Amino acid sequence: ELAVTYVRSKLQETLKQGGLDQDGDGTISRQEFNQILDNAHAARTLTQVGVDIFNLVDLQDFIFETNNDSGEVVEKELSLGEFMEV
């Protein structure tokens, strides 16, 4: 739990300071996610707590796609809490 709290605070800091939350809505889109992974500080933070960044990249479709009421695949955004659960 301590590691999760640490990563959450570091990601929040990186999102704010790095301007990675482009629309300012506090959620993480696929585009913002890719920018997080391109950010050396954020990537290092994730790696330090055992996150496999390469697996995250491979799982992007699973993480950021969902089906709407019509069954169509649409992009979704995650809150920081939802992202941390991934």
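Is R30 buried or exposed? In this predicted model, R30 has a relative accessible area of 17% and is therefore buried, since the cut-off for that class is under 20%.

Side chains of opposite charge can pair when their charged atoms come close. A search of the whole structure finds three salt bridges, and the account below takes them one after another.

With D61, R30 forms a salt bridge in which the closest N and O atoms are 3.0 Å apart. This pair links distant parts of the chain, given that D61 sits in helix α5 (residues 60–64) while R30 belongs to helix α2 (residues 30–38), 31 residues apart. D61 itself counts as partly exposed, at 45% relative accessibility.

E65 has a relative accessible area of 30% and is partly exposed.

The side chain of E75 meets that of R30 in a salt bridge as well, with an N to O distance of 3.0 Å; E75 lies in strand β3 (residues 73–75), and the pair, 45 residues apart, again connects distant parts of the chain. For E75, the relative accessible area is 48%, which makes this residue partly exposed.

Taken together, the salt bridges share partners, and they join R30, D61, E65 and E75 into one network.

Technical notes: Residues are numbered from 1 along each chain as its sequence is written. This is a predicted model: local features need pLDDT of at least 70, side-chain atom pairs count only at pLDDT 80 or more; totals for chains, interfaces and linings use all residues. Side-chain values use heavy atoms; hydrogens and water are left out. A salt bridge is a side-chain nitrogen of Lys or Arg within 4 Å of a carboxyl oxygen of Asp or Glu. Helices (H or I, at least four residues) and strands (E, at least two) are DSSP runs, numbered from the N terminus. Buried means under 20% relative accessible area, exposed over 50%, partly exposed in between (1.4 Å probe, protein chains only).
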